[in-house]
Amino acid sequence: MDSKTDDQIQLDVLRALRLEADVDQADVGVSVQHGVVTLSGTAPDYLAQCAAQRAAHRLPGVLDVVNALDVKPPGID
């Protein structure tokens, strides 16, 4: 079985984030190194932060997820 490349994993994570109702994919950056996904950017609340992590974690080829999303409620600078 062929393993996925980091670029393929990144595309899969971005697609999964688009499908998550609680996540605004435009606010989330995704990088992948050796199967480890790093999520960066902002989430409007803790539920969105967790939803993004779960979406990435359940994908084939993802070995681990580093959730570096900052929770930043709308209207807070």
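How do the residues of the lining of the largest cavity divide into nonpolar, polar and charged? Seven are nonpolar, one is polar and two are charged, where Ala, Val, Leu, Ile, Met, Phe, Trp, Tyr, Cys and Pro count as nonpolar, Asp, Glu, Lys and Arg as charged, and the others, Gly among them, as polar. The model is a predicted one, with local features needing pLDDT of at least 70 and side-chain atom pairs counted only at pLDDT 80 or more, while totals for chains, interfaces and linings use all residues. Residue numbers start from 1 along each chain as its sequence is written, and side-chain values rest on heavy atoms, with hydrogens and water left out.

Now for the sheet. Three strands form an open sheet in the order β1-β2-β3, with mixed pairing. Strands (E, at least two residues) and helices (H or I, at least four) are DSSP runs, numbered from the N terminus, and two strands pair if DSSP finds at least two bridges between them. β1 (28–33) and β3 sit at the edges with a single partner strand each, so one side of each has no neighbour in the sheet. Direction ignored, neighbouring strands of this sheet are turned by 10 degrees against each other on average; axes are lines fitted to C-alpha atoms, for helices over the stretch in contact, and angles run from 0 to 180 degrees between N-to-C directions.

β1 and β2 run antiparallel and are joined by six bridges, with Ser-31 opposite Thr-38 in β2. Their hairpin has two residues between the strands, and His-34 in it takes a positive phi near 55 degrees.

Then come the helices. Helix α1 (residues 6–19) lies across β1 and β2, at about 155 degrees to β1, contact being heavy atoms within 4.5 Å. Helix α2 lies across β2 and β3 and runs at about 160 degrees to β3.

Back to the cavity. A search of the whole structure turns up one cavity of 30 Å³ or more. On a 1 Å grid over the protein atoms alone, a cavity is a set of points where a 1.4 Å probe fits but cannot get out, and lining residues have an atom within 4 Å of a point. β2 and α2 each supply at least two residues of the largest cavity's lining, which includes Thr-42, Ala-48 and Leu-69.

Note on methods
On a 1 Å grid over the protein atoms alone, a cavity is a set of points where a 1.4 Å probe fits but cannot get out, and a pocket is an open set with protein on both sides within 12 Å along at least five of seven lines; lining residues have an atom within 4 Å of a point. Grid points are joined across faces, edges and corners, and a volume is the space filled by probe spheres set on the points.
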